[in-house]
Amino acid sequence: MRVEVPIGTVHPALIEPFRTRLWIEDETVVDCEITYNAAHRGIERILEGVPVLKAAMIAEKVCGLCSHFHLWNSIRATEKAMGVVPTERAQYIRVLVAELERIHSHMFFIGHACEVLGHETFVYRAFELREPVMRILFELSGNRVHYAVPVLGGIRPRANPSDESLAKIRAYVKDFEPKLEAFIERFMSDPLVMSRVTGTGVLKKADAEELYAVGPTARASGVNNDVRQQMPEYKPFDYNIILLGAGDNKARVALRCLEVKESLRIISQALDNLPQGPVLSDVKLNFDTGFSEAYIEAPRGELYHVLRVDAKGKVRNYRIRTPTPTNLASMERACIGDHLTDAVLTIASCDPCLSCSSRALVVDAKTGKEKVFDYASGVGCRK
Amino acid sequence: MIQDFVFGSIAAIAIAFAYATILPGIERKIHARIQNRYGPPVTTPGLWNILKFFSKANVKSNSPSPRLYYLFILIGLLEVPFIVLFTNPLWWGVLGFGSVFAIMGLLKVEEVDYLFIGSFSKSMMSLGMPFPDLVKGSKPSESRRYFEEISVTRALKMITLGSFPVYLALFVPFALAGSVAISDVVAMQNPAYRETGVPGSQDVWALISAIRPFAFTLPGIICAFVYFIGYGILSNTRPFDIIKPKIDVMEGPMLEYAAFWRGIYYTFTGLLSFTLSSLFITIFIGIPMSIGQPVFLASHLLLIPVIPMLFAIVRAFSPVFTFKQIYPVSAAASALAFIALALSLVRF
């Protein structure tokens, strides 16, 4: 008999408020529906009409795990709109912080995936590996979560690393690599863990393409989708785009482990080739811009920011699309055919970040009609 | 004589309850040390935690019959000490309680208890929204299932298949002794037990060295291994906690036990841990929890933490098993138990 199992919005397995409806026969999932927006924070509404420099700082607060990516992408969209070019040293430091943040986000993911697996020890091992990254980020920026490194035209001067800070980061990379190798070796050779993650939550490449999966979720299914390939900031760096074909839970966890190694490579190159010079360029603020879009490869996938700056220097029509809404359909598809307990793991393995995804839903209360924003023409946008 | 019986029984239960208060703490401490943490003080999870729950205001269960729902955990708590008593020499002569059938029957009652608990629980956590879902594209609501109902079907699978090898392994020493009586199984391994009136008056080392544990024979090693797996299955601990994994059905049947009743539930789990360990030492090592014989009593109590400690290590390195893993484990354990049974029957 087909029955519905509602999980959430309040449930200990969900670290964020969303609702998963799983339809099961016996205990095999036959259908899935994920609904979010249970904790709408109204950030886009808050951003409406605030000064452009303040907007970036608010955009950073969208997420606690990828705050740098939100801030950096916001700054990139603004810089693109105003024609501001950041200094080369600042670009390197932005990349450096981004890759450090990618490591801490991926390690957090691995810890969370292990928690959903029920393997407490791996949770602690993953978090032990993550902790030094947080300390390095604290050393660099003065904060463990919201680092506030990029600013218009460069980076905040206090985040300009001293030789001592650079030495600490180098020491960290040197210390981290063997520990990571040991963790990956231990994790991937654990027969009990592998029996849970291998062959469960399979997302085929064709499905990933059809459902526009992004980030590690897509790459674990063999879809070459990494925005870093199009980002000029990453041009100086030599690194590999990790692609795995299996598309199961094991692939999604393994891919992140391998991506952490690539991030370490990028960090090493950034440290070795860090240009000298100023970290802030001369910024000439140009207001009354058109819509400016920016894409970036956040730890969970493609992150999109779009905004325009009005004649008074206020931000208008700021919209953010995080990777999670794009991946929701993939999550729903991937958990079909799995055991109920594995289905929750599958959803977690796609690393949803739903509080960050809760965007404004504009519905006319009288007519019930939804308002569609058209960025190109400005229809539906507040003037 | 009757005074000894009453005093001995009360003392056995008191020891079981007292010991049960520190076993969860020992397990947690081992977990913590493996995970590079300090962990809670040893008495916190099993004693102070329970006392804390006893002092909290109760939240009434959403069960259609809350009193019956609460009664079932009480039945669990009350029946487990009888396993301790039935394996105690004082009770061996009472109405044939000291037999493998009585023990297996009580263990089955403990397992079936989860079915009743789950059937009477309907927590708010597993409810959907009480109004139609108007989200665009939302799928229509069909019949809903409570988390506890899922747990019940899982518990049923565990009763029928999961725990089968445990009972098989438990049966092997009795087959070897050619008797269903625990006294005969103990006598087979520990001849000094019957011959001595007050073993405390004899040389301690002579008494201990006379023991020939069944667990040290080939079929015994196999059975001990199967029983070790069974310890996890019967006590619903990871990796065999499929009836209550946090990630989907949370606490499963026990989801609605709060305050006093949660305290009762934790007391029950601590006591079950003690009981299963005590059962192993009596049946597989041949040292019963004999109140009047200090050497055996001390040896028994010293060995009690071994299984919980070893299983704590297993638990620290295990994910939750789904039936995809449980069925093969159960099948392999059953096969091993059958081999052990065959070996014991041919007196290998």
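Predicted model: local features only at pLDDT ≥ 70, side-chain atom pairs only at ≥ 80, totals over all residues.
**View 1. Chain A, a chain of helices and strands.**
Chain A holds 13 helices and eight strands. With a radius of gyration of 21 Å, close to the 21 Å that the globule rule gives for 383 residues, chain A is as compact as a globular protein of that length. Of the 383 residues in chain A, 49% count as buried. Now look at who touches whom: among contacts in chain A with a separation of 6 or more, 68% come from residues 24 or more positions apart.

**View 2. Helices H5 and H6 of chain A, packed together.**
Helix H5 covers residues 120-141 of chain A and helix H6 covers residues 163-188 of chain A. Which residues in H5(A) meet H6(A)? Phe122(A), Arg125(A), Leu129(A), Pro132(A), Ile136(A), Glu139(A) and Leu140(A) do. Their partners in H6(A) include Tyr172(A), Phe176(A), Phe183(A) and Phe187(A), and Lys168(A) and Lys179(A) also take part. Sorted by class, the contact of H5(A) with H6(A) has eleven nonpolar, one polar and four charged residues.

**View 3. Chain B, built with helices and zero strands.**
The secondary structure of chain B comes to 15 helices, with zero strands. The radius of gyration of chain B is 22 Å, close to the 20 Å from the globule rule for 348 residues, so chain B is as compact as a globular protein of that length. Along its principal axes, the C-alpha trace of chain B spans about 80 × 45 × 45 Å. Buried residues make up 49% of the 348 residues in chain B. Of the contacts in chain B between residues at least 6 apart in sequence, 77% join residues at least 24 apart.

**View 4. The place where chain B touches chain A.**
How many residues does each chain bring to this contact? Chain B gives 33 residues and chain A gives 30 residues. On the side of chain B that touches chain A, the elements giving two or more residues are helix H2 (23-34) and helix H15 (323-345). H15(B) gives the most to this side, with three residues. By class, the residues on this side of chain B divide into 13 nonpolar, eleven polar and nine charged.

How values were computed:
Residues numbered from 1 in each chain as written. Chains lettered and ligands numbered in written order. Axes fitted to C-alpha atoms, helices over the stretch in contact; angles between N-to-C directions. Helix = DSSP H or I, 4+ residues; strand = E, 2+ residues; numbered from the N terminus. Contact = placed C-beta atoms within 7 Å. Nonpolar A, V, L, I, M, F, W, Y, C, P; charged D, E, K, R; others polar. Rg over C-alpha atoms; globule rule 2.2 N^0.38 Å. Buried ≥ 20, exposed ≤ 12 C-beta atoms within 10 Å, placed from the backbone.
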